[in-house]
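Open the model in your viewer and keep the selection panel at hand. We will go stop by stop.

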Amino acid sequence: MGITLGLETSCDETGVGIVADGVLLGQALASSMDEHIRYGGVVPEVAARAHLESVTSCLRQALADAGVALEQVDAIAVTSGPGLASSLHVGVSAAKAWALALNKPLYAVHHVAGHVAADTLQHGPLPDRSIALIVSGGHSSLLMLGDLATDPIVHLGDTLDDAAGEAFDKVARLLELPYPGGPSIQRAAESGDPAAIDLPRPLLTNFSERQRYAFSFSGLKSAVARYVQLARRTGEPIRTADVAASFQEAVVDVLISKAVAACRDHAVDTLLIVGGVAANARLRAVAAERCLAAGITLRVPAPRLCTDNGAMIAAIGDLVVRSGAKPSGLDFGADSSAP
Ligand code: KG4
Ligand code: ZN
């Protein structure tokens, strides 16, 4: 049995996870979210300083949680990109120091592959072929997956503008709801009517062949902005709950419709939904309903495994190690805009 330790620092969460043979042994997470709230978004320098301050205590906590001694770790995996450069640099430097001190192999892994691998900790190995919808603050993509450790991930489509999580965050700001916007909108939407405001479903019915699996959320955000401006001009109260529910419904409708269509078009019967936005309760409910109707097996990890964490990096690291891949050495850099 090999024990792989994973370190994630690509944005504002410092996460360490420990995985052996596809089983999560323990993890620890620290977040600088609270420090970013007053700025309405992540401030890279603040996030990097917070990673530096908490990376060692996260390591200690994860080892204690797993009941594993540092010397028992067989391999180390670290997010090398994509993400905020200054945040990635802290994690990559720490992981290199640990690998050097312990004389253990180090593997540079991709953040998005980590999000997908997180699901295997809960639902076991992936089938030979599956499709993943990754929806986070930085990504909205439909991906065709084979073997996670050895096959390239094929992009079916991406967002043309804002990522889904970014759209949640921007619309929350328009509605003066606190950062991060996703959970705020979900909470506000609970008491709203999803059919109250007629919002567009961008690229859902009207798209070119190239846009079949593409997303676009900036028009949706502009439609909400226009509604808010009009209400302010006419002195009408802004119906925050109704706007939140209508916006959430539009995003969810587009995401799930396209994901189900991608599965149908490619004759794939397993859909994974991963990334921070996969924590959204309405998205999970609509996905479950539509996948059941379409005969698709749906895999969505628990919310704690959806948002950034160290377990997901240990999970992809563990798969890569077990595939027999060569370690990355100690000379790689961080790639903030890794494709
Ligand atoms: O995966 P993640 O933790 O970090 C990135 O890699 O970006 O995703 C963060 C994003 C944020 O935009 C946040 O607003 C969104 O995920 N998010 C949600 C929910 N929880 C987090 N969006 C919708 N509903 C949620 N419950
Ligand atoms: Zn992420």
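This is a predicted model: local features need pLDDT of at least 70, side-chain atom pairs count only at pLDDT 80 or more; totals for chains, interfaces and linings use all residues.

**Stop 1: the domains.** Colour the chain by its domain assignment: domain 1 is 3-115 + 306-322, and domain 2 is 128-301. Their centres, taken over C-alpha atoms, are 27 Å apart.

**Stop 2: where the domains touch.** Here 14 residues of domain 1 are in contact with 18 residues of domain 2. Now select α1 (33-36), α4 (111-123) and α11 (310-322). These elements each give two or more residues to the side of domain 1 that touches domain 2. Colour that side by class: nine residues are nonpolar, five are polar and none is charged.

**Stop 3: ligand 1.** Select ligand 1 and show its surroundings: 19 residues surround it. Next, highlight α5 (164-174) and α6 (181-189), each of which supplies at least two shell residues. Which element gives the most to the shell around ligand 1? That is α6, with four residues. By class, the shell around ligand 1 has eleven polar, six nonpolar and two charged residues.

**Stop 4: Ala48.** Move to helix α2 (residues 44-66) and pick Ala48. Is Ala48 buried or exposed? Ala48 counts as buried, because it has 21 C-beta neighbours inside 10 Å and the cut-off for buried is 20 or more. Show Ser86, Ser87 and Val90: Ala48 touches these, leaving aside residues up to four places away in sequence. Finally, draw a distance from Ala48 to Glu13, 35 residues apart along the chain; their C-alpha atoms are separated by 9.9 Å.

Definitions and conventions:
Residues are numbered from 1 along each chain as its sequence is written. Chains are lettered from A and ligands numbered from 1 in the order in which they are written. A residue is near a molecule or strand if its C-beta atom, placed from the backbone, lies within 6 Å of it. Ala, Val, Leu, Ile, Met, Phe, Trp, Tyr, Cys and Pro count as nonpolar, Asp, Glu, Lys and Arg as charged, and the others, Gly among them, as polar. A residue is buried if 20 or more other C-beta atoms lie within 10 Å of its own, exposed if 12 or fewer, and partly exposed in between; C-beta atoms are placed from the backbone. Two residues are in contact if their C-beta atoms, placed from the backbone, lie within 7 Å. Domain bounds come from an automatic or database domain assignment.
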